Amino acid sequence: MTTVASTADASAVLEMTAAIHAWEAAASGDLTAEEFKAWVSERIAAHEVALAALLAVEGKRTPENSLRLYDVAVEQLNLAGAQAGVLNSVAADTAVRDQAQEEAQRVSQAGTALSLNRDVYLALAAIDLTGASEATRHYVERTVLSYRLAGVDKDDATRAHLNKLHERATELSLAFSRNVQEGAKTVVVQDAAELEGLPEDYLARHTPNCDGHFVISTDQPDMQPVMTFAKSDALRERMFLAYHTRAYPENKQILLDLLAVRQEIATLLGFTSWANLATADQMMGSAANVRTFIARLEEASRAGAEREFRMVLKFARERKPGLTEMNAASRGYWYEQYRRAAYDFDSQAVRPYFPYAQVEQGVLDTAAKLFGVVFRKSSAAGWHADVSVYDVLDLDGETPVGRFYLDMHPREGKDKWFSATPVVTGVRGRYLPEAGLICNFPRPELDENGNVVDPGLMQYNDVVTYFHEFGHLMHAILGGHTEWAGLSGFATEGDFIEVPSQMLEEFFRDVELLQSFARHYETGEVLPAELIRKMKLAGAFGRADGMRTQLYYTTLSLDLHDQDPAGIDLDRITKSLYESLQPWKWIDGNRMYASFGHLMGYSSNYYTYAYDKVIALDFFRQFDPANLLGCEAAAKYRKLVIEQGGSRPGRQMVRDFLGRDEAFSAFSDWLNEEFAEELAVSAL
Ligand SMILES: [Zn+2]
């Protein structure tokens, strides 16, 4: 590749076009691994040409002659990375999936090299921002800050050392995650009586082995029902310990080593702790601010959690005289028993009202009204025959706004999780944004005449998940019209990203909105208001106590990264913190830290979930309950938050939308909702 030196050549870089969808690069039929590799290579080559052109610019640096080229370099990596991620999750062909994983690593290496490229940093830091837009200024300042946080302005020896430390951290982190993912233990049940309470279909799937024993694994679908339904304390305790030691002892030393490496990186960069480094470019800003937030979280959840625990304890004692204490392994079981008795609510009862096709239509209709857009089914190709493609249009029904892909049901070899992903990062005047949902909801089955054989009934938690992921999707699409790729869609601070998704979840709790699509698949009956009320109350009970669990994870994630790791005793710290925050008795032998996977990706910043919940609930409170989808707040939210993508700091978006900083009141009310509803459990 030749370098491109003048601004005229810079525009030549901009015009380098290629198929923006990897799957369109297939010569015939399905995309092959080689074709995908070639497509990614073209993106990486375009990335390198743009960077070379950026470094060759002479004279005064401006956003147009320098930032534009940097942004094209970012855009090309985003494009390749997004589609490598998608194909790694969904490709039917194993060879393509494996290739996609390799390509994802190649893109991520190019990303790391870019983030440590000192010449690029110097070029960006030299840009004259006189007269630049607010978004452009924010983009340059944020990028320059991230370069400094990576240590790019340190001397050569320090940078080389930092590089080694980052590599070591990545290695340790991958090893930890792999041990968690692959770590599986089993629990042996010798006496079938121990299985009492487990659902019929669970028992049908578990038959005794030749010794007459039942072997149950720590995998989620095996483990979760035991913790929720098994009557036997002994069985739940064995499962609890097996589950929380599935990556122990291997991960104990790995975690200690990782904490030490992170601390060393932070020290080299002039920070007192990793937590201070990891929050420096986030909304939170510092470890001290996280502590303040944690203290408020603790206060907001304390009374409600104590009350819930007392109620469950009283209930359990009535059913099991002589019961003196409840431990960590009895929490799920007694909550389930209590909810059933107190609210007369069986989560199975609402499923017939949530056949997949209706839920999808309901989510789409809700989002279209809320955001003032039109969705139209498109004949464009997706990456698999299963995928439905929709064009997003303005209210005029003509102006294109973006496109999304719904890949919603399980299939062989597909990723088993639920996620929203960018497909094409939108840039104003250049690319329309495209995003996708990769989910595993029940699949409706039709016979050859188009009659429904299986409606694909969903759990209400599935419906909430659908709304959540759709919130991310709309963020990518409506926030994908920014001037720069580096500010598009999800490009907010990491601790703001769960706001739009958690906001949309709240709409599911509106009775009228729910009834607009929740109809019995056989009778057409609208989901009764009384059933919705019970469902909401049962869902609300235990929220404060559940928040104490979040508080425990949040505090642990911070504590482990905000002190000298040499002095950390993992067993002592996890136990003493648990006992200070939880009323449930600690079970000796619990090594939960060895499988706390979030410590890898989130490190000290597990607070993100609770923090974004606080903001999302305050945002939702601005909507008029009588006109949720059409109120003034809806238009304002689209304009001031969603459409901004990463153009403004999260803090500023909060202030723009609320006219102030977020308050805790909406969150506190949400935590204690079941008491506010005054549904006395006097029946008990
Ligand atoms: Zn999310």
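Let's start where helix H17 meets helix H23. On the H17 side, the residues in contact are Val499, Gln502, Met503, Glu505, Glu506 and Phe507. Facing them from H23 are Tyr609, Asp612, Lys613, Ile615, Ala616, Leu617, Phe619 and Phe620. If you sort that contact by class, you get 9 nonpolar, 1 polar and 4 charged residues.

Please keep in mind, as you look at the structure above, that this is a predicted model.

Now, how do these two helices sit against each other? H17 covers residues 499-507, and its axis comes within 8 Å of the axis of H23, with a crossing of roughly 50°. That angle makes H17 oblique to H23. As for handedness, the crossing of H17 and H23 is right-handed.

H23 has another partner to show you, helix H25. H23 spans residues 608-620 and H25 spans residues 650-658; their axes come within 11 Å and cross at roughly 20°. So here H23 is roughly parallel to H25. In this case the crossing is left-handed. Which residues of H23 meet H25? They are Tyr611, Ile615, Asp618 and Phe619, and across from them in H25 are Arg651, Val654, Phe657 and Leu658.

Let's move to another part of the chain, helices H5 and H6. H5 is residues 118-125 and H6 is residues 134-149; the axes come within 10 Å and cross at roughly 145°. H5 and H6 make a left-handed crossing. From H5, the residues involved are Val120, Tyr121, Leu124 and Ala125, and they meet Val140, Thr143, Val144, Tyr147 and Arg148 of H6. By class, that gives 7 nonpolar, 1 polar and 1 charged.

Next, charges. Side chains of opposite charge can pair when their charged atoms come close. How many salt bridges does the model have? The count is 46. I picked one to show you: aspartate 559 with arginine 291, where the closest N and O atoms are 3.0 Å apart. Aspartate 559 belongs to helix H20, residues 543-559, and arginine 291 to helix H13, residues 287-319, so this pair ties together parts that are 268 residues apart in sequence.

Two bits of backbone deserve a look as well. Most residues other than glycine have a negative phi, and most peptide bonds are trans. With that in mind, go to tyrosine 248 and proline 249, which are joined by a cis peptide bond with omega at about 10°. Proline 249 is in the loop between helix H10 (233-244) and helix H11 (250-268). Then there is aspartate 344, which is not a glycine and yet has a positive phi of about 50°. Aspartate 344 sits in the loop between helix H14 (331-343) and helix H15 (356-371).

Last, a word on confidence. The chain averages a pLDDT of 92, and 96% of the residues score at least 70. Over residues 1-8, though, the pLDDT is below 50, and that stretch has 13 contacts in the model beyond near neighbours in sequence. Residues 678-684 also stay under 50, with 15 contacts beyond four places in sequence. Where pLDDT is low, the predicted coordinates should not be read in detail. Thanks, everyone!

Terms used: Residues are numbered from 1 along each chain as its sequence is written. This is a predicted model: local features need pLDDT of at least 70, side-chain atom pairs count only at pLDDT 80 or more; totals for chains, interfaces and linings use all residues. Side-chain values use heavy atoms; hydrogens and water are left out. Axes are lines fitted to C-alpha atoms, for helices over the stretch in contact, and angles run from 0 to 180 degrees between N-to-C directions. Helices (H or I, at least four residues) and strands (E, at least two) are DSSP runs, numbered from the N terminus. Angles under 35 degrees count as roughly parallel, over 145 as roughly antiparallel, 65 to 115 as roughly perpendicular and the rest as oblique. A crossing is left-handed if the near helix is turned anticlockwise from the far one by less than a right angle, and right-handed if clockwise. Contact means heavy atoms within 4.5 Å. pLDDT is the predictor's confidence in each residue, from 0 to 100. A salt bridge is a side-chain nitrogen of Lys or Arg within 4 Å of a carboxyl oxygen of Asp or Glu. Ala, Val, Leu, Ile, Met, Phe, Trp, Tyr, Cys and Pro count as nonpolar, Asp, Glu, Lys and Arg as charged, and the others, Gly among them, as polar.
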